[in-house]
Structure formats: C-alpha cells, structure tokens
Amino acid sequence: MGLEIEVDPGEAGFDAARLNRIDEHFAKYVEAGKLPGWLALVSRHGKIAHLSTHGMRDIASGSPVQTDTLFRIYSMTKPVTSVAIMMLHEEGAFELTDPVADFIPSFADLRVYRGGTAHAPQTRPAGEDMRIWHLLTHTSGLTYAFHYLNPVDELYRRAGFDFDMAADLDLAGCCDEWASMPLLFDPGTAWNYSVATDVLGRIVEVASGQTLDEFFRTRIFEPLGMTDTGFAVDRANADRLATLYAADPQGKARPHPKHAELHAAAFELPKALSGGGGLFSSAHDYHRFTQMLRREGELDGTRLLGSRTVRYMTRNHLPGGADLETLALGSFSEVANAGKGFGLGFAVLDDPLAAKVISSRGEFSWGGLASTAFWVDPAEDLTVLFLTQLMPSSTHPIRPQLHQLVYQSLVD
C-alpha cells in the first residue's frame, strides 16, 4: 500500500527547509558508504509531513529504497508482542504478577548465576519467581547470546543461540532451553536486554490457543491493515525486500556475511517464531502501528487496547523509577541510557535533560538490530520512523542525530 505526504510541513508546525536537513544529513551516510539506503517518515497530528528515501535497498543490483520496500525490523517486533500480551491481559487471561511458570512450567525452580565459567557455572536458587511484568520490562534475569558480557551469554551460544533462535527448536523448545540455564540476577533487581519478549510470545500462544503468527495476523495486522508484516515475506514481494548489510571495521556497509542464506530464509516461516525480533515490515505498516499507539490503542475505528492500558504501558516501570544507566547491566544501543526508563515493551523518556538529546518527557520508543528506529512523542503529537538495513545498530549514532534533526525543525 502507498505512502504519501499528507500535510504541508508549515501547517503541522514544521519549517520545511529545516525538515530537509534530515535528508541532507543522512544522504551523507549513503554517499560515504556507511548506509546502503534509508527511509525517513515524520508525522504530526496523525498526518505525514515528511517522507523521504535515499540510496539502495540492494547496492549490487542498483535497486533503490522505495516507500514500499520491505525491511527486517528485528527488535521493533518487541512492541508488537507487548501489545499482544496486553490485549490478552485486558481480556483477563492473566495478571501481570502471575508467574511465567503458570504458562511455561519449565520456568519453575529457576537458578541464578553467582560465579564460575560457562563450563562450570556456580548457581543458587532464585529469590523470586519470574513474573510476566519482569518479561515486559526486561528485568527477568534472562539474557541474549550476542551480548558477550557474561558466562551465561556463552551458555546460550553453546545451546545454539546467537543472533537467531536455535535451528532445531520451535518456540516452546527455545523457552524450555532458556529456562534450563541460570539467570543473571533475581527477577526484578536489574535490567538486561534479553530473550524475554520471545518468552512473552510463547505466553501469547499458550494463553490464546493460537500460534504467534496467527494471533498477530488476526488480532493486530489485519485489523490495522498491516498487509506487509509477518514472519516471512511472500515470494511475490521478493523484489521489494531490502538486502541486509553489516558494518566492516571502518563502519562501511558490506553485504552481511550470511546475506544469501538470510535472503533465502526470508520466504519460509521459521520453526521458532521470534516475538523478540522475527518480523518483516514496511513503512506503511509500521506507521499504522505507531498511529495506533499515538491514538492510545485505536485507529480508524479499530481498537486494540484501552487508552489507560497504553498510558500504563508507556510509563517507567523500573524499580524505584530508576533509569537504564543506573539499572542496566550493559549497553544495548547507541543511545545514551541516562534519563530513560522502561515501560511495558518500550523505552520511556523521563528526563530529556539527563538524556542530552532534544526530546520530550514521556516519549516512548524502540529500535531494531539493523539500525531501524521509531518513537512516539505524545507531548508533540509526533511519530517518527527510520528504516534501513545495517547491523549492528550501534555502528552509527543514527537515533540521537535523528532526534536533533526532527526537533530542530519544529517551530510552532
């Protein structure tokens, strides 16, 4: 489906020439070989005021990024899964304080890492049950194999996980494997970016009786008109799929070492459906999703969540109102963690001054491994979307630079 500018920038409170600084700045990334290509979308009061593309979705063939290009959105899948969980919560399927073991029995009797190596870890019993709200806030004690910060991360890699799910396991099997390994900390005592949202995806399946892809399709994507979003790409749309690139040591974009394998896999439904990072999407579709969030759960007469639920999700739920700089075990993106808390599926900005990035209190956001990003700013009634395909997202300071370029263009 098509996208187009819907309002004159001036009518939406922007200076058009200042908005164009977004394009001028990120065009330099492409010209320097740092990004293959990108799409930027800025919307205010529900209308698109700026929409631009630059560079290539596939450098080798010379195919440009277009407004209908399909992207791997990786961790921008997480907000979708969090919305799905909260839809079920609204229906009374569980309380946020319910133990995860009520839905996935292998999560009973968890143990916590306290020392030793991956070959001989020393553990103790967990002092707290892992609960659903711990998964939503990334305070569960779970981790990611790709952090390379802790012997527990190595245990994940030895079990077949890295940037992907273990090849021979379905989602239920992945959850059982994660439950068998020690936690980094007692649930609720620290923040660590992890497979927690994948575990939430399994809870969606157990609580709803549907596979995760079926729930997403019937309960979120079809109601919102998100026809391009899913865990696999329709072969009829193969020419729309952007190639995945990886940064070399100089930060230049090169085809990902596994790009041929990843491209072939894109057209097959994976064995394990990753609610933490498995979706493909388009600017049209994710813009629809952000508009639903901006409107507090409703879009074009379709309501997925109650307004109070969205407001609750987009408050800082970290213990004691801490920010990520205080509570996080390690850095997880190129964006500074100071002043930023975490809600139920989103980063939430509590203190723009501490963050040292022009922004608004109450903004909520997230991004993906291939340098994609979005945010919703309720104070300015603003949504922003940036799509590209460069791993990892920490290669360039795209997100803070995009913030300063968007906010300097607001002049009302």
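At what angle do the axes of helix α1 and helix α13 cross?

## Helix α1 against helix α13

The axes of helix α1 (residues 16-31) and helix α13 (residues 398-407) cross at roughly 155° and come within 8 Å. That makes α1 roughly antiparallel to α13, a term for angles over 145 degrees. Axes are lines fitted to C-alpha atoms, for helices over the stretch in contact, and angles run from 0 to 180 degrees between N-to-C directions. Helices (H or I, at least four residues) and strands (E, at least two) are DSSP runs, numbered from the N terminus.

From α1, the contact (heavy atoms within 4.5 Å) involves R18, R21, I22, H25, F26 and Y29. From α13, I398, Q401, L402, L405 and V406 take part. By class, these residues are 7 nonpolar, 2 polar and 2 charged. Here Ala, Val, Leu, Ile, Met, Phe, Trp, Tyr, Cys and Pro count as nonpolar, Asp, Glu, Lys and Arg as charged, and the others, Gly among them, as polar.

## Basis of the model

The model is predicted: local features need pLDDT of at least 70, side-chain atom pairs count only at pLDDT 80 or more, and totals for chains, interfaces and linings use all residues. Residues are numbered from 1 along each chain as its sequence is written, and side-chain values use heavy atoms, with hydrogens and water left out.

## The sheet of eight strands

An open sheet of 8 strands has the order β3-β2-β1-β16-β15-β14-β13-β12, with antiparallel pairing. Strands pair if DSSP finds at least two bridges between them. At the edges, β3 (63-64) and β12 (340-342) each pair on one side only.

Within this sheet, 6 bridges link β1 (residues 37-44) to β16 (residues 382-387) in the antiparallel sense, and A40 stands opposite F386 in β16. Helix α1 lies across β1, β2 (47-58) and β16, running at about 10° to β2.

## The sheet of three strands

Another open sheet has 3 strands in the order β8-β7-β17, and its pairing is mixed. The edge strands β8 (253-255) and β17 (390-391) each have a single partner strand, so one side of each is left without a neighbour in the sheet. Strand β7 (residues 245-247) runs antiparallel to β8, joined by 3 bridges; A246 stands opposite R254 in β8.

How values were computed:
Parallel < 35°, antiparallel > 145°, perpendicular 65-115°, else oblique.
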